[in-house]
Amino acid sequence: MTGTDHQHSEAVVQAAMWLADQNPAPQPIIPHIRERFGLSALEACEAAALSTKYRILRKAHG
């Protein structure tokens, strides 16, 4: 699934929210959030992408 139909697991959403709050973000991002949240590589990539959307929305909406 793509776009707005795609459902993220709760762990992916939590990881994305946590990552969006990090300034600066830990490097390398994917291994760090995989270990911290117990995510697969794909889930970690989804969380990283979702965190970018969260950051953009925060900037746009204050």
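In this predicted model, the side chain of Ser-51 comes to 2.7 Å from the backbone oxygen of Ala-48. Ser-51 sits in helix H3, which covers residues 41-61. Is Ser-51 buried or exposed? With a relative accessibility of 1%, Ser-51 is buried, because buried means under 20%. Leaving out residues up to four places away in sequence, Ser-51 touches Ala-16, Leu-19 and Ala-20.

Now turn to Pro-26, found in the loop that links helix H1 (10-21) and helix H2 (29-37). Pro-26 has a relative accessible area of 18%, so this residue also counts as buried. Which residues does Pro-26 contact, apart from its neighbours within four places in sequence? They are Trp-18, Leu-19 and His-32.

| Residue | Relative accessibility | State |
|---|---|---|
| Ser-51 | 1% | buried |
| Pro-26 | 18% | buried |

Finally, a look at confidence. The average pLDDT of the chain is 90, and 90% of the residues score at least 70. Among the elements of the chain, H2 has the highest mean pLDDT, 97, while H3, with 94, has the lowest. Where does pLDDT stay under 50? That happens over residues 1-5, and for this stretch the model has one contact beyond four places in sequence.

Technical notes. Residues numbered from 1 in each chain as written. Predicted model: local features only at pLDDT ≥ 70, side-chain atom pairs only at ≥ 80, totals over all residues. Heavy atoms only, no water. Helix = DSSP H or I, 4+ residues; strand = E, 2+ residues; numbered from the N terminus. Buried < 20%, exposed > 50% of the residue type's maximum accessible area, 1.4 Å probe, protein only. Polar contact = N/O pair within 3.5 Å; in protein donor to acceptor, adjacent residues only side chain to side chain. Contact = heavy atoms within 4.5 Å. pLDDT = per-residue confidence, 0-100.
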